[in-house]
Amino acid sequence: MLRIKDYSIKKNVHIYHQGGLNIAYDVNSGSLHVLDDHTYGFIEEMRNLQDEDPSMLHAEEKLLTKVGRNLSPTVKKEILLELEELQNQNLLFSSEAEEIEPCYPNPPLIKAICLHVAHDCNLRCRYCFAGTGPFKGRRELMTSETGKRALDFLFKHSGNRRQCEVDFFGGEPLLNMSVIKELISYGKTVARQAGKEIKFTLTTNAVLLDKAIADYLEKEGVSVVLSLDGRKEVNDKMRPFPNGKGSYENIVPQILYFTKLRPSSSPYAVGQYYYVRGTYTRYNTDFYNDVLHMADLGIKRISVEPVIASPDDDYAFREEDIDKIKESYDILGEEVLEYKQKGREFSFFHFNAGLNEGPCLPKRLSGCGAGHEYVAISPDGSIYPCHQFVGQEDYKLGTVYQGNPLKEELVRKFRGAHVYNKEDCRICWARFSCSGGCHAANAAFNGELTKVYSLGCELQKKRLEVAYYLKIKEAQQIETV
Amino acid sequence: MTTHIKTIVKGNLASTIKNGGCGQCQTSCQSACKTSCTVGNQVCEK
Ligand code: SF4
Ligand code: SF4
């Protein structure tokens, strides 16, 4: 018999329709199945019954007698047999993962730092979370001395971990290119001495990315994240220069020059890669057109994300935008397939989904690691849990100039903000892929790390549905070849 | 002879709670999205 006593279907088996398919995602195993209409209806009925009458959760026999009355007895029996078989193989209705809290070393092992080498910017993007460069402080650049201290901090606190990651961030990091060069050379030398490997990334608006800088970054193996919002009118509305002029015409040629240097950049952002990333707002809820615009320019690695805004901002999403946004993800999913078929493949970051080959469960529970595996360092050497928290005094963890360890109480707070400590996440089907959302968004919207930002959840879940759908299509295509 | 359900991806995620957690993987917010966390789209370095 199918064992569903005390087994919440809503929490553990997600069924949905996408692109004409009935899909079942088994949360605990990470397996994917395509269901016929009868089976879909059958599971849906069980789930609804459990929802309507919680006592059904404990009464599996009664539940199983109640469901599938519209089916012929033979069909019902067949479905139940198949479900049982899959349950025995732990592929559907599989056993719930044990709720083991992630455990971490003490003192924390820092894997990655985000170096704010410039709290200044040459653009005035309207949605900038850094207040167009200075965050909450002054417009300033990091000195090479502070930068070296920051790298020393990373080497020291990464313990026996081999790989260390450094992201040059801002404001606009290229405003401080001489310091970046010095730090890359310093970082590589010290890493070699310490028997470590250092991976650099740089996130830039591409305004200053001329050929010389592009070639330098290529030569040094720096991964690069380039900002572009898509179509000219969309980009220019939100990403102008201080004089109000749009940035599209200036940056697109430079972005294209750079992306052509790396034709085989990994879609999973490993090794030496590039990604072109944009932000969409309520002004372009049809953002799939922006993604396709970039793909048509020849860009292969694209990421576009929803803006995080306060409800008073004119560009913030409103309730009525949500359906349009979801539809855009649907359309984008189909376009990804179309483009592939036409031999013009590109990848959309949020549609990458690791299932059988993705990260392990401990990683999935703890998410981004902000505040204990990953920290951001401001131009004056202050340490914060991540780039989004920079300048928020309550969240300051320490400075690279003090020998003191990171503020323990804050480290504990960030470590504690994992999936099992968030009421909504514990029972959410997306929990092992989403990992409990972004702490910064949670803090900004609800004042607490453990209360989720619900709009973020809705979009996250939509992206995952499309991502899984694409996995299925991909597998089906391989099969038919 | 499955007729009603077609399994496309076979996962064993729950079992990785035991042997996972080596911590060699990269951090998740570092890469293409600097404003959100999606761990599911990462790769394991093991
Ligand atoms: S943050 Fe939202 S979508 Fe993500 S696991 Fe938690 S409840 Fe689910
Ligand atoms: S808290 Fe949010 S913005 Fe900060 S590192 Fe984590 S996911 Fe990224």
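A:F135 sits in the loop between β4 and β5 (140-141) of chain A, where helices (H or I, at least four residues) and strands (E, at least two) are DSSP runs numbered from the N terminus. Welcome to a short tour of this predicted model, in which local features need pLDDT of at least 70, side-chain atom pairs count only at pLDDT 80 or more, and totals for chains, interfaces and linings use all residues. Residues are numbered from 1 along each chain as its sequence is written, chains are lettered from A and ligands numbered from 1 in the order in which they are written, and side-chain values use heavy atoms, with hydrogens and water left out.

**Backbone features to look at**

- A:F135 has a positive phi of about 55°, although this residue is not a glycine.
- With a relative accessible area of 10%, A:F135 is buried; buried means under 20% relative accessible area, exposed over 50% and partly exposed in between, with a 1.4 Å probe and protein chains only.
- A:N90 is another non-glycine residue with a positive phi, near 60°.
- You will find A:N90 in the loop between α4 and β4 of chain A, and its 36% relative accessibility makes it partly exposed.
- For background, most residues other than glycine have a negative phi, and most peptide bonds are trans.
- The peptide bond between A:N106 and A:P107 is cis, with omega about -5°, and A:P107 belongs to the loop between α4 (73-88) and β4 (112-119) of chain A.
- A cis peptide bond also links A:G170 and A:G171, here with omega about 15°; A:G171 is in the loop between β6 (163-170) and α6 of chain A.

**Helix α11 against helix α17**

- In chain A, helix α11 (residues 322-341) packs on helix α17 (residues 454-480) at an angle of about 20°, with the axes 10 Å apart.
- Axes here are lines fitted to C-alpha atoms, for helices over the stretch in contact, and angles run from 0 to 180 degrees between N-to-C directions.
- α11(A) and α17(A) are therefore roughly parallel; that label covers angles under 35 degrees, while over 145 is roughly antiparallel, 65 to 115 roughly perpendicular and the rest oblique.
- Residues making the contact include A:I325, A:Y329 and A:L337 of α11(A), together with A:L459, A:V466 and A:L470 of α17(A); contact means heavy atoms within 4.5 Å.
- By class, this contact of α11(A) with α17(A) has ten nonpolar, three polar and nine charged residues.
- In that count, Ala, Val, Leu, Ile, Met, Phe, Trp, Tyr, Cys and Pro are nonpolar, Asp, Glu, Lys and Arg are charged, and the others, Gly among them, are polar.

**Helix α5 against helix α6**

- Helix α5 (residues 144-157) and helix α6 (residues 177-194), both of chain A, pack at about 30° with their axes 10 Å apart.
- That angle makes α5(A) roughly parallel to α6(A), and their crossing is right-handed.
- Among the residues that meet are A:L151 and A:F155 in α5(A) and A:L183, A:Y186 and A:V190 in α6(A).
- The contact of α5(A) with α6(A) divides into seven nonpolar, three polar and three charged residues.

**Nonpolar cores**

- The largest nonpolar core has 138 residues, of which A:I113, A:L115 and A:F168 touch the most other members.
- α17(A) gives the most to this core, with nine residues.
- Another core, of 27 residues, lies apart from it and includes A:L35, A:F42, A:L92 and B:I5.
- A nonpolar core is a set of buried Ala, Val, Leu, Ile, Met, Phe, Trp, Tyr and Cys residues joined through side-chain atoms within 4.5 Å.

- A:H14, in strand β1 (residues 13-18) of chain A, is buried at a relative accessible area of 12%.
- Not counting residues up to four places away in sequence, A:H14 touches A:I23, A:A24, A:Y25, A:W429 and A:E465.
- A:V307 lies in the loop between β10 (301-306) and α11 of chain A and is buried, at 4% relative accessibility.
- A:N284, in the loop between β9 (274-280) and α10 (288-296) of chain A, is buried at 3% relative accessibility.
- Leaving aside neighbours within four places in sequence, A:N284 is in contact with A:R231, A:V234 and A:D290.

Conventions
Left-handed = near helix turned anticlockwise from the far one by under 90°.
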